[in-house]
Amino acid sequence: MKRIFIVGWGPTADEVFYFINKYKLFEVAGFVQYKKDICENNHNGLPVNALEDLDSVIDREKDFVFAAMFWDRLNDIRRVLYEELKARGYKIASLISPNADTNGAAIGENCWIQDNVYIKPFAEIGDNTYLDTGSFIGLNSKVGKHCYIAGKALVAGFCTIGNQTFVGLNSTVFDHTDVGSLCIVGATVGLKRNIPDCSVVKTSGDNTVVKSYEKELMPDKLVAERNLR
Ligand SMILES: CC(C)(COP(=O)(O)OP(=O)(O)OC[C@H]1O[C@@H](n2cnc3c(N)ncnc32)[C@H](O)[C@@H]1OP(=O)(O)O)[C@@H](O)C(=O)NCCC(=O)NCCS
């Protein structure tokens with residue numbers, strides 16, 4: 001089995017480790033941290049090397065690396081990490097769940113296509129883009145580099161999503177919509193207009209009603225026979 005080094009720290013690297021092992025995609029050879037001074041001795045029972053020391057353990061001809069970093073700072077940390085790995089000339093893998101249906105889409109490197117993702121034909125997914133669980137990319141849509149499409153987000157057909165953009169949980173981007181680079185489409189947003197680079201679209205918190213009750217009243221707040229419509 002081909003070997004891979006997970007480059008990253010924190011929960012995303014742990015989830016990537018779990019994912020690779022679950023589907024036996026690679027043999028995980030170790031973890032890699034950015035700098036020597038923050039290096040642990042081992043992680044999940046595997047050795048940890050600083051990026052500057054990776055050449056002492058990696059076989060550049062055969063082994064792969066994967067930058068495991070979530071959307072923090074609007075995907076900027078993952079972008080910088082990916083570009084550093086690229087500049088150093090490592091072989092960079094993409095991770096694709098066997099449960100994802102990608103219909104032959106062009107998928108770049110360092111992409112993470114998670115469980116139950118559905119990509120319609122002729123779509124393109126740029127380098128270093130993560131598609132989180134259950135997300136949907138429509139016919140002919142183009143998602144740029146360094147993007148993060150969160151769980152259950154729907155990007156309909158013939159859309160473009162610019163580089164480094166974040167599309168939040170359960171949001172819907174209507175068909176033929178162009179979303180710029182470095183944008184944030186907030187969770188649950190329904191977006192039907194093109195938006196330029198560096199835009200944030202979010203729902204208003206004013207639409208959410210929060211009320212608190214005494215504990216003993218709570219069962220009365222969800223009674224099946226009162227479901228009259
Ligand atoms: C769009 C979103 C980022 C911010 O919206 P919000 O929480 O309604 O923000 P508020 O209007 O209450 O925030 C007030 C300010 O704090 C900022 N803020 C809120 N959350 C922030 C965060 N995580 N990081 C930085 N700034 C944040 C807002 O941008 C806003 O700043 P501004 O007044 O300069 O515009 C948020 O609603 C959202 O959708 N997050 C994504 C959730 C998601 O999909 N998670 C997936 C996990 S995999």
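Two bridges link β5 to strand β6 (residues 91-92), and the pairing is parallel. Here strands are DSSP runs of E of at least two residues and helices are runs of H or I of at least four, numbered from the N terminus; two strands pair if DSSP finds at least two bridges between them. The bridge partner of F64 in β6 is K91. This is a predicted model, in which local features need pLDDT of at least 70 and side-chain atom pairs count only at pLDDT 80 or more, while totals for chains, interfaces and linings use all residues. Residues are numbered from 1 along each chain as its sequence is written.

β5 also pairs with β1, again in the parallel sense, over four bridges, with V7 opposite A67 in β5. Strand β1 (residues 3-7) has five parallel bridges to β2, and I4 stands opposite V28 there. Have a look at the side chains of β5: F64 and F66 point one way, V65 and A67 point the other way, and all are buried. A buried residue has 20 or more other C-beta atoms within 10 Å of its own, an exposed one 12 or fewer, and a partly exposed one falls in between, with C-beta atoms placed from the backbone. Strand β2 (residues 27-33) is mostly covered too, as five of its seven residues are buried.

## The nonpolar core

The largest nonpolar core has 57 residues, and those with the most contacts inside it are I6, V7, V65, F66, I149, V155 and V167. Domain 1 (3-93) and domain 2 (96-198) both contribute residues, so this core lies between them. Such a core is a set of buried Ala, Val, Leu, Ile, Met, Phe, Trp, Tyr and Cys residues joined through C-beta atoms within 7 Å.

Contact means that the C-beta atoms of two residues, placed from the backbone, lie within 7 Å.

## Two domains

The domain assignment gives domain 1 (3-93) and domain 2 (96-198), with bounds from an automatic or database assignment. Their centres, taken over C-alpha atoms, are 24 Å apart. Domain 1 gives 10 residues to the contact and domain 2 gives 12.

On the side of domain 1 that touches domain 2, the elements giving two or more residues are β5 (64-67) and α2 (76-87). The largest share, three residues, comes from α2. That side of domain 1 divides into seven nonpolar, one polar and two charged residues. In this scheme Ala, Val, Leu, Ile, Met, Phe, Trp, Tyr, Cys and Pro are nonpolar, Asp, Glu, Lys and Arg are charged, and the others, Gly among them, are polar.

## The seven-stranded sheet

Seven strands form an open, parallel sheet in the order β7-β9-β12-β15-β18-β21-β23. β7 (95-96) and β23 (200-201) stand at the edges with a single partner strand each, so one side of each has no neighbour in the sheet. Two bridges join β21 (residues 184-185) to β23 in parallel, and V185 has V201 in β23 as its bridge partner.

## Around the ligand

The residues around the ligand are D132, A150, G168, L169, I184, G186, A187, V200, K202 and G205, each with its C-beta atom, placed from the backbone, within 6 Å of the molecule. By class, this shell has five nonpolar, three polar and two charged residues.
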